[in-house]
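Please read them with the coordinates open.

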Amino acid sequence: MDKKKTVNDKFNYNNIKKLNKNFMYKDLRRSNCYNCDFSGSNFNFASFRGAQFKSCNFYEVTFDSAEFVATNLKKSKFKKAKFENTIFDSANLEGVDFNGATFKNVIFVSTDITKAINLNLSDDVKIFEEMPKLEVSNSLQKAAKSAMNNSFVKAARVLDTKTGAVSPISMMILLENFEEETLIKGLGIIEENLDKDFCTLSYIIKTLQKYKEEGIL
């Protein structure tokens, strides 16, 4: 597994319209867009890690299982957008307008939400001012670290923090979906067998669910 993950370097736009497009599963890491209109588009399962999307329009866009990690969204508009199972980690929300946006099972961590405009959050939204401390067993810690030996998992950066430690947020989400014993075994299988590029934690969840359906877990 020496294949290196290639990051999308073609999604860099200024002053264009991309209306009602399908960007599902799009790897937008480190992309750079300014003053672009993505109204009505689908960004489900997309990664915006380290991306710059400033002064963009996301009117009525869907973001299911999307990840905004270290994303600069300054002065963008998310009016009537739908966020579900989405993560905002260390994102810049300065002047971002969420008028009419809906949130379901969304996590904000190390993100200053006070800089946003018209942000009305539902009860099932979790907000952490800094990365939370999550007590997990040594066995699960070991399984997560071992899974990161897989080159595709390592490149995706979905299980670790910027310091290389196991991500408490990722473990929290995984434990909401799987029993610890199942998760430990599943991460072991992923370490040995996962051989495809991916960019969001949702792919790990989907893979583990597939293992369960096939009776592997």
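The points below go from overall shape to sheets, pockets and single residues.

1. Overall shape. Keep in mind that this is a predicted model. The protein holds 5 helices and 10 strands. Its radius of gyration is 17 Å, close to the 17 Å that the globule rule gives for 217 residues, so the protein is as compact as a globular protein of that length. The C-alpha trace spans about 45 × 35 × 30 Å along the principal axes. How much of the protein counts as buried? The share is 46% of the 217 residues.

2. The sheet E1-E2-E3. This is an open sheet of 3 strands, in that order, with parallel pairing. Strand E1 (12-14) and strand E3 (52-54) stand at the edges. Each has a single partner strand, so one side of each is left without a neighbour in the sheet. Neighbouring strands are turned by 10° against each other on average, direction ignored.

3. Strand E2 (residues 32-34) pairs with E3 in the parallel sense, over 3 bridges.

4. E4 and strand E6 (residues 82-84) run parallel and are joined by 3 bridges. Which residue of E6 is the bridge partner of Asp-64? That partner is Glu-84. As background, strands of a sheet pair through backbone hydrogen bonds, either parallel or antiparallel.

5. The largest pocket. Its volume is about 460 Å³. The lining has 25 residues, and Phe-45, Ser-65, Leu-201, Ser-202 and Ile-205 lie nearest the centre. Two elements give two or more residues to this lining: helix H3 (168-177) and helix H5 (201-213). H5 gives the most, with 6 residues. By residue class, the lining divides into 10 nonpolar, 8 polar and 7 charged.

6. The second largest pocket. This one has a volume of about 380 Å³. It is lined by 19 residues, of which Val-69, Asp-89, Met-131, Thr-161 and Lys-162 are the closest to its centre. Strand E5 (67-69), strand E7 (87-89) and H3 each supply at least two lining residues. The lining divides into 7 nonpolar, 6 polar and 6 charged residues.

7. Ile-87 is found in strand E7. Is Ile-87 buried or exposed? Ile-87 is buried, with a relative accessible area of 11%, where the cut-off for buried is under 20%. The C-alpha atoms of Ile-87 and Val-106 are separated by 6.0 Å, although the two residues are 19 residues apart along the chain.

8. Positive phi at Asn-105. Most residues other than glycine have a negative phi. Asn-105 is not a glycine, yet its phi is positive, at about 55°. Where is Asn-105 placed? Asn-105 is in the loop between E8 and strand E9 (107-109). At 29% relative accessibility, Asn-105 counts as partly exposed.

9. Positive phi at Ser-110. Ser-110 is not a glycine either, and has a positive phi of about 50°. Ser-110 lies in the loop between E9 and strand E10 (126-128). With a relative accessibility of 30%, Ser-110 counts as partly exposed.

Key. Residues are numbered from 1 along each chain as its sequence is written. This is a predicted model: local features need pLDDT of at least 70, side-chain atom pairs count only at pLDDT 80 or more; totals for chains, interfaces and linings use all residues. Side-chain values use heavy atoms; hydrogens and water are left out. Two strands pair if DSSP finds at least two bridges between them. Helices (H or I, at least four residues) and strands (E, at least two) are DSSP runs, numbered from the N terminus. On a 1 Å grid over the protein atoms alone, a cavity is a set of points where a 1.4 Å probe fits but cannot get out, and a pocket is an open set with protein on both sides within 12 Å along at least five of seven lines; lining residues have an atom within 4 Å of a point. Grid points are joined across faces, edges and corners, and a volume is the space filled by probe spheres set on the points. Ala, Val, Leu, Ile, Met, Phe, Trp, Tyr, Cys and Pro count as nonpolar, Asp, Glu, Lys and Arg as charged, and the others, Gly among them, as polar. The radius of gyration is taken over C-alpha atoms; the globule rule is 2.2 Å times the number of residues to the power 0.38. Buried means under 20% relative accessible area, exposed over 50%, partly exposed in between (1.4 Å probe, protein chains only). Axes are lines fitted to C-alpha atoms, for helices over the stretch in contact, and angles run from 0 to 180 degrees between N-to-C directions.
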